[in-house]
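Biologist: I have this one open on my screen and would like to go through it with you. Could you keep the cut-offs in view as we talk?

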Amino acid sequence: MYGFKAFVFDGKKTAGRALETLEDHTPIYPWIDDAAVVSRSKLGVIRIHSTWAQDDTAIGAGAGFGAFTGGVLGLLLGPGGALAGAAMGGSMGALIGVADDLAFDDPRLDDFAASLAKDTSALVLVGEAPALADFTSAVLPFGGKVIETNLNDKDVKALRKALKLQVPA
């Protein structure tokens with residue numbers, strides 16, 4: 001079973017600073033390249049940044065949970081998602097089309113989208129329970145509002161198929 005976990009912070013740069021701090025941790029967190037930073041500026045512009053989104057070849061090439069996290073964010077924040085009209089860069093453009101065929105029906109995911117008020121940011125991970133537990137213990141000291149949910153297996157299967165990912169079942 002896959003879960004979604006987000007830590008939402010005040011300040012559009014706070015989640016990015018938290019991730020930078022965690023990237024310098026030794027030993028390296030195994031999920032670090034699968035996490036994404038979502039920020040909303042004072043003007044309301046949304047940006048998504050992640051390591052996996054910087055490589056256009058990652059989508060559909062068995063990139064793993066990072067692209068899967070992006071797929072979930074694409075559904076939530078893309079043109080058909082809860083925050084319609086969000087601006088996304090990098091490989092996120094390839095994921096927006098997924099929203100035409102899929103939509104998550106989970107109030108906690110809607111809560112996440114609604115929590116991204118102006119001048120906020122979030123550190124997000126989609127993964128299995130052990131990765132989410134490690135993510136939680138690493139990010140909890142930074143504070144922030146925690147939003148989490150388990151993803152519906154049917155939705156996970158449909159999203160994996162749409163993204164052409166070879167993510168372990």
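Biologist: Which residues are exposed on the other side of helix 4?
Modeller: Pro-107 and Ala-114 are exposed there, where exposed means over 50% relative accessible area, buried means under 20%, and partly exposed lies in between (1.4 Å probe, protein chains only). Please keep in mind that this is a predicted model, in which local features need pLDDT of at least 70 and side-chain atom pairs count only at pLDDT 80 or more, while totals for chains, interfaces and linings use all residues. Residues are numbered from 1 along each chain as its sequence is written, and side-chain values use heavy atoms, with hydrogens and water left out.

Biologist: And which residues of helix 4 are buried?
Modeller: Leu-109, Phe-112, Ala-113 and Ser-115 are buried in helix 4, helices being DSSP runs of H or I with at least four residues and strands runs of E with at least two, numbered from the N terminus. Seen down the helix axis, these buried residues fall within an arc of 165°, so they line one face of helix 4; the arc is that of the directions from the axis to the C-beta atoms.

Biologist: What does Ser-115 touch?
Modeller: Leaving aside residues up to four places away in sequence, Ser-115 touches Val-8, Thr-120, Lys-145 and Ile-147, with contact meaning heavy atoms within 4.5 Å. Its relative accessibility is 15%.

Biologist: Which strands does helix 4 lie across?
Modeller: Helix 4 (residues 107-115) lies across strand 1 (2-10), strand 4 (120-128) and strand 5, and runs at about 150° to strand 5. Such angles run from 0 to 180 degrees between N-to-C directions, with axes fitted as lines to C-alpha atoms, for helices over the stretch in contact. Helix 5 (residues 129-139) also packs on the sheet, where it touches strand 1 and strand 4.

Biologist: In what order do the strands come?
Modeller: The order is 3-2-4-1-5, in an open sheet of five strands with antiparallel pairing, and two strands count as paired if DSSP finds at least two bridges between them. Strand 3 (46-49) and strand 5 (145-150) stand at the edges with a single partner strand each, so one side of each has no neighbour in the sheet.

Biologist: Switching topic, how many salt bridges are there?
Modeller: A search of the whole structure finds two, a salt bridge being a side-chain nitrogen of Lys or Arg within 4 Å of a carboxyl oxygen of Asp or Glu. One joins Lys-5 and Glu-148 at 3.1 Å, N to O; because Lys-5 lies in strand 1 and Glu-148 in strand 5, the pair ties together parts that are 143 residues apart in sequence. The side chains of Asp-111 and Arg-108 also meet in a salt bridge, at 2.9 Å, and these two are three residues apart in helix 4, about one helical turn.

Biologist: Is Lys-5 buried or exposed?
Modeller: Lys-5 counts as buried, at 8% relative accessibility, whereas Glu-148 is partly exposed at 43%.

Biologist: Which residues touch the most other members of the largest nonpolar core?
Modeller: Phe-4, Val-38, Leu-73, Phe-112, Val-124 and Leu-151 do, in a core of 18 residues. A nonpolar core is a set of buried Ala, Val, Leu, Ile, Met, Phe, Trp, Tyr and Cys residues joined through side-chain atoms within 4.5 Å. Strand 1 gives the most to this core, with four residues.
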